[in-house]
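Q: Please take me through this structure slowly, and let each general idea come before its case.

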Amino acid sequence: MDIITTHTNADLDALASMVAAQKLYPGSIMVFPGALLKNVEEFMALHKDTIYVRAIRDIAPELVEKLILVDTKTPSRLGKLAYLLDRPGVEVHIYDHHPRSEGDATGRFEVVEMVGATTTLLVEKIREKRLQITPVEATVLALGIYEDTGSLVFSNTTPRDAEAVAYTLANGANLAVVANFLWRPLTEEQRGLLKALLVSAERYNINGIKFLIAEADLDQFVGGLDLLTHKLVDFANLEAVFTVVKMDGCVHVVARSSVPEVSVKDILGMLGGGGHPAAASAVIKNSQVADVVKLLLAAIRQKVKPPVSVADIMSSPVKTVAPETVIEEAGRIMLRYGHTGLPVIKDEQVVGVISRRDVEKAVHHGLGHAPVKGFMTGSLVSVGPEATVAAVRELMIEHDIGRLPVLQEGKLVGIVSRTDVLRTLHGDVQSKHYKVYSEKSFKYHYKNIRELIYRSLPEAYITILEQVGTIANELGCRVFAAGGIVRDLLLGVESLDLDLVVEGDGVEMARALGRRYDARVRVHPKFRTATVLFPDGRQVDVATARVEFYQHPAAMPQIETSSLHQDLYRRDFTINAMAVSLNQNDFGDIIDYFGGREDLERGLVRVLHNLSFVEDPTRLLRGVRFEKRYAMDLEPQTFALAREAVRSKMLERVAMERVWEELKHILSEPRPGLALYRLKEIGLWDYLFPGVDYEQVRQVLDELPRSLRVIHTWDLAEQLEPWLAYLLALLSRSDADAAGAICRRYHLGQRWTGRVHAGLSGWQDVADSLQRAQQVQMSDLARRLMPLPEEVYPLILTRLTGNAARTQLRQVLSAINYDQPSITGKDLSGMGFTPGPAFKLALDAVWQARLDGLVRTRQEELSYAREYLAAYEGVINSV
């Protein structure tokens, strides 16, 4: 006999998990181990004929062969069924969303993952196995998830919970029933307990975190303490709430936390309880409320981490302006350093703040020449470096301001922005030096990727990285691999572009690396960068950590030496703004200031700041390229910024050579059609390809990747440039004038323009001839194909239908590449003919005769050539 059970005082998640488990273990029996919470009792009173759960007395324990535990793995919560864990021959399976604690049971099969509800884990298994569920079952499953996630708003909720709920709704879950049992009115006893908790509630401030502890002592058991604790959370609006209630001879503690600094799981773990960092509970026997509160306060003091302070997240040093600085200059400084506001300093004192909005308004009214003192905000709100982020958040909300100067002893030591605060709210806190990820429960949650580097990169590259770390130690500087290589390592994508950033002298690092490998070093003094060119053809780009600023939108960047943080901040997207340390003492540590790893996990391409597309509009094209290369999405705000940049025609301010460079990268991707369609979606197609009708070429763009693969498998186009193949496809429905205009627009040069015109002038004729292959000689097809560039072959292939035409194209290409005459000019001389232009004509005639099957052997070729030359000489002599 197989039985499914859960914890005593079963809640709706426990019930739903049992129902879901029975779908996975058909024929098993559901058993409640003890009492139920009130809402579960009420639900079962109505549904007991539909959902059949037995009591312990109804089963024969000695017949149990498999024990399936859901929503718990704690033996003490199994009541009288706990002894089955130690019974020989009983196989244990566990499904639970609570973190593992000391003393937990172990199972032969376990699914223990940190999601909002255990039901979610089981719904995922049901979906995976494609099992059918009824609307009633779907409703029960939805109840379980909604209850344990607070209808998907508790901090322990994950995207998986939302997906599981969506699945239940798709299968008929009744939300009216869900609402009825989730939000039952409080009983008279619960209202009385809530009143007692409110009256007794005391506030505490420990390590800068504000708590509430509410107490009560009852003669009888009252269910729903977790529900009442949630109501206290709503009333109190504090970081954490603890309720301590004695009833039924035990002291029950329920805790909820809304901040990462307070893990109620760890706190109540010291009292023998358990749960999640955001929600936990404990039951203490043979104790009094006052004693438990003392233990609780001691645990809080020991376990609560000091909160993130302003000093942890502020920017320093701070760019400032004087009251007399003119508005236009203040605007240039903001654009140069990517700031949205600047403190105004007079005699070392902060006298105001000027924001980008203030600057834009002044410029709009023609007052760019006016001093900032006339437009700055003078009523200063500031904080000290020891202030908590929570305090800063409240000040920003109260005063509706986006940045606060940080003052210490009256002097400016930093500035904290709204963006800094938002990063802490979303778990992305950056320290004063750099942040190393270690606690995120993401797919890419490595703290150190040393092993990933050794597993993914070729040995030669690993040796270079190790040597770079050694040189950095010798030079006394910091060095990092940054950008695409970090992104691709985390994605498991091959990347051999080494981009090094040095906090120190990058050029000196490059020269030292060059000496060690006897490699050539090409230095770019203006940008403080260098390229190390190794003898075997590999190359490594080395840059001094720098900040780029733009004198005006879409301008080429100017360079200043800076730190790794500023170097990464100048980059295009968060997924490209990560680095990995190469110094010997922390080789492999990841640095991620801007949430790039989280965006990788979520599949988002996100700009680092709102002016990203203004500073460099070519990022519009780059963002689309990354989006489609990695099957990601432009983050919604980034998409909105992209649309605004398109509406403002920002790309028109960029030199066409830079636009073409990005377009060429797109056309070199494996499936450019996806990116080109996206460019049309955001409104760039008509600007990039004026006169080209997208709808006319959409189908051929979709078909071209397959044709390219076919051509490559034939191995008959060694020099084919994929980007040119796609450009030809783009222009395949355009006339010569429109195609020429595109070539001139992007300054393609005579060589590539000639190939474009050659391909477009002849591809349709060849395709049509191949389609009616029976009527055209092989030599004629070869003559038409030979002047065309190889890049037009895939385009021709998209036009062909049927195997016969495709086969003939392959045969013609093979003949052009390999089927040459066996005779040479020397053979013709040996037959007594005088060398001259006629030899080339004769050999070409022999080749065409071979293609058409008129000659096959060497002797036949010699005879054909003799006849051709004799006839040629006869014509010449007659003239």
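Q: Does phenylalanine 43 count as buried or exposed, or what else would one call it?

A: This is a predicted model, in which local features need pLDDT of at least 70 and side-chain atom pairs count only at pLDDT 80 or more, while totals for chains, interfaces and linings use all residues. Residues are numbered from 1 along each chain as its sequence is written, and side-chain values use heavy atoms, with hydrogens and water left out. Buried means under 20% relative accessible area, exposed over 50%, and partly exposed in between, with a 1.4 Å probe and protein chains only. Phenylalanine 43 has 1% relative accessibility and therefore counts as buried.

Q: How many aromatic pairs does a search of the whole structure find?

A: A pair of aromatic rings is described by the distance of the centres and the angle of the planes. Rings of Phe, Tyr and Trp (its six-membered ring) pair if their centres lie within 6.5 Å, and planes under 30 degrees apart count as stacked, over 60 as edge-to-face and the rest as tilted. The search finds 16 such pairs. In one of them, phenylalanine 43 and phenylalanine 181 have ring centres 5.1 Å apart and planes at 75 degrees, so this pair is edge-to-face. Phenylalanine 43 belongs to helix 2 (residues 38-47) and phenylalanine 181 to helix 6 (residues 175-182), so that distant parts of the chain, 138 residues apart, are linked, where helices (H or I, at least four residues) and strands (E, at least two) are DSSP runs numbered from the N terminus. Phenylalanine 181 is buried as well, at a relative accessible area of 5%.

Q: Which kind of pair do phenylalanine 573 and phenylalanine 626 form?

A: Their pair is edge-to-face, with 6.2 Å from centre to centre and 80 degrees between the planes, and both phenylalanine 573 and phenylalanine 626 are buried.

Q: Where does arginine 625 lie?

A: A charge sits over a ring if NZ of Lys or CZ of Arg is within 6 Å of the ring centre and within 35 degrees of the ring normal. Arginine 625 lies over the face of phenylalanine 626, 5.1 Å from the ring centre, and the charged end of arginine 745 sits over the ring of tyrosine 687, at 4.7 Å from its centre.

Q: In what order do the 7 strands form the open sheet?

A: Two strands pair if DSSP finds at least two bridges between them. The order is 19-20-21-18-17-24-25, with mixed pairing, and the edge strands, strand 19 (520-524) and strand 25 (590-592), each pair on one side only. Strand 17 (residues 478-482) and strand 24 run antiparallel and are joined by 3 bridges.
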